Amino acid sequence: MKQDIILAGVGGQGILSIAFVIDNAALKQGLDFKQAEVHGMAQRGGAVQSHLRISDKPVFSDLIPKGAADMILSVEPMECVRYLDYLSPEGIVITSRSPFVNIPDYPDIDKVLGAIETVANRVIVDSDKLAKEAGSPKAQNMVMLGAASPHLILEEANLREFIRVLFAPRGEKLVEMNLKAFDLGRSSAMKS
Amino acid sequence: MKQEVLLGDEAVALGAIHAGLSGGYSYPGTPASEIMEYLVRASAHEKKFVASWSVNEKVAYEEALGVSYAGKRALVSMKHVGLNVAADPFMNSAITGANGGLVVVVADDPGMHSSQNEQDSRYFAEFAKVFCFEPSNHQEAYDMTREAFELSEKLGIPVMIRMVTRLSHSRSRVQPRPPKQQNPLKYGVGTDWILLPVHARRRFKLLVDKQKDLISVSNRSEFNSLQINPKNTTLGIIASGIAANYVIENYTGGHEQPSFLKLTTYPIPEDLVKKLVDHVDTVLIVEEGYPFIEKSISGVFGIAGKNIRGKLSGHLPSTGELSPGIVRQGLGIEALPKRDISDFPMAGRPPQLCQGCSHADTYRALNEALESYPESNVFSDIGCYTLGALPPYNAIQSCVCMGASVSMAKGGAEAGVYPSVAVIGDSTFAHSGITPLLAAAAANTNMTVFILDNATVAMTGGQPTFLSGEKLAKVTEGMGVAKEHIRTILPLPKNHDENVQIMKQELDYQGLSVVIAARECVQQARKKKRSKT
């Protein structure tokens, strides 16, 4: 049992928060995992990705080989396309459809979504709308984690537990808001 | 003890704490910063050891050396280019030797994710003739750090741990072991540490004689493993550090693994290498960084009757970072099928200055002030403000090494450049900008130095700075810069016109001026606000 996930987004979208929840849920389930992330210069408003590998056998490489990812989980549609060459032929993409435009040459959104639609196995979520519904546009990361959750080899209860742990220092209101974002993402993915 | 989820950097830090660390020192630099971040947090919590950001890597190294001299265990950590700054104490500490365990952790950045070069610190370990560990995973990072302290005391020399970005910034499980007590304080180590020629000659000879012991430790190290495949005498692989993972990764899919030496200690474990080379016709060497092992083994003339392959032979790329896919190609295994996305009009998303960053306002004003001169050079330095090189600012023309902006502006001015401008951050100035400004002040060089004071080491996550605000202006004045040519501006859009005028006045002045652009980093201001609420 193993799952290789490329997490993608833009610096500031909370990619590493998704990784924190998945890492700890994996640890709780006794799985091995490695999660390579980007710090430093590349982080400043740039494209951010994290390679996350979970397995019941030892994980060796910190990086996922191109063509081997079981899932691309992206909080931003163009960032999803950037890593499509990592996806295995049977892999699934779970991505937001809400573009984050902080560059002058952002491609036509229909082209972006068109590229995503070449993947048969896909869940495309209006994360911006659902996050606002949950209470804050900043919660798009938890919406996307929720959307991915039915497809992860991790138990929902464990994911919820570590969302709680992650946001607890910032108060119960924020915990509840992020859990709601997770739920909205999850139910939207189950419907699609 | 409970398993922990740690970055590779944090695994090193925890290993050091559990080895009985008394003092940890560092200067921030990606990908090494998280080692000291962890030590600082742990030390604030436990208050049992010192964990301190230093003014630069040389100072950090010397502080650690002082701890070692006193018989206690010390760690000093830095990014690869930081060791260039600390090279003087590093090289000489191999000759004085270590008293309490002295571990130097250097994080290399193959692929230059956040650096100006991809120099390989294993050469430095060899240069200084010290032992070096190269962990391949988090557990080894923890275990090797503990072992490094033991070995440092046993061999009486500093020991290096070579990290690379992918391990430093990857998170995984670590199983800690019960911690050790700190060493007691011990005064004095005779004359060994007085590197007058009379003592240094004796000490250097001792270090050279010790090399056979280092090789013997390397040959016997439990961290190296040799698996001989008796059925295959064609190909054998030597892979070091995380490169070993990429090799194993490619043999988990059913391909039979050839004879394999996982090499994680230096000097090179000669016996293990010989056993592998004797068994096969062709040896492929897979290593992150420069072809260190490959070159050491093949020498100038190679090994008669054997094919030594790797980066030098062109079987693996000589630049950039390795990956499972690149190594797969080097191993001659067919590539995994993957989607072709080359037709998609992908846009880059380069790093950029934050919304509301003070540097952006400074650069807008500086660009305008320089418009009235036909030519100019803006020498800059290392920090967030280096992003001023990118559009829309295109405001700087150099980024070489810490503090170089000030010295280069002086050289430029002396070559006839006018205006010759230096742009440096407050922490970089404290690190290596003070000494060249002292020289420029003494010569009253016709140049303008901009110190961008955002009161933090911003690029690496907001570590404390040593020289900011009023203290910075006072130090500048104390160094001999004329008081009327030390100007402090507040870089805000509403002050733009006034700031341009001040800059023009100082650029026009035929002598040394310092313009301090002081406004707090927006990220730090946000963090402060958040922690208050």
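View 1. Strand β2 (residues 32-36) of chain A and β8(B) run antiparallel and are joined by 3 bridges. Gln35(A) has Arg171(B) as its bridge partner in β8(B). On chain B itself, β8(B) also pairs with β1(B), again in the antiparallel sense, over 4 bridges. There, Leu7(B) stands opposite Arg171(B) of β8(B). Pairing here requires that DSSP finds at least two bridges between two strands. Strands (E, at least two residues) and helices (H or I, at least four) are DSSP runs, numbered from the N terminus.

A word on the model before we go on: it is predicted, so local features need pLDDT of at least 70 and side-chain atom pairs count only at pLDDT 80 or more, while totals for chains, interfaces and linings use all residues. Residues are numbered from 1 along each chain as its sequence is written, chains are lettered from A and ligands numbered from 1 in the order in which they are written, and side-chain values use heavy atoms, with hydrogens and water left out.

**View 2. The contact between chain B and chain A, seen as a whole.** Chain B brings 45 residues to the contact and chain A brings 51 residues, where contact means heavy atoms within 4.5 Å. The two chains bury about 4200 Å² between them, with 59% of it on carbon and sulfur atoms; buried area is the accessible area (1.4 Å probe) that two parts lose on being put together, summed over both. Of the area that chain B buries against chain A, 21% comes from Arg173(B), Arg339(B) and Arg349(B), more than from any other three residues.

View 3. On the side of chain B that touches chain A, β1 (4-7), β8 (170-174) and α10 (243-250) of chain B each supply at least two residues.

**View 4. The open sheet of 7 strands in chain B.** With mixed pairing, the strands follow the order β3-β2-β4-β5-β7-β6-β12. At the edges stand β3 (50-53) and β12 (265-266) of chain B, each with a single partner strand, so one side of each has no neighbour in the sheet. Strands β4 (residues 73-79) and β5 (residues 102-108) of chain B run parallel, joined by 6 bridges. Look for Met78(B), which stands opposite Val106(B) in β5(B). Helix α3 (residues 57-69) of chain B lies across β2 (21-26), β4 and β5 of chain B, at about 165° to β4(B). Angles run from 0 to 180 degrees between N-to-C directions, with axes being lines fitted to C-alpha atoms, for helices over the stretch in contact.

**View 5. The open sheet of 5 strands in chain B.** Here the order is β9-β11-β10-β13-β14, with mixed pairing. The edge strands β9 (225-227) and β14 (307-309) of chain B each pair on one side only. From one strand to the next, the twist averages 15°. Strands β10 (residues 235-240) and β13 (residues 282-286) of chain B pair in the parallel sense over 5 bridges, and Ile237(B) has Leu284(B) as its bridge partner in β13(B).
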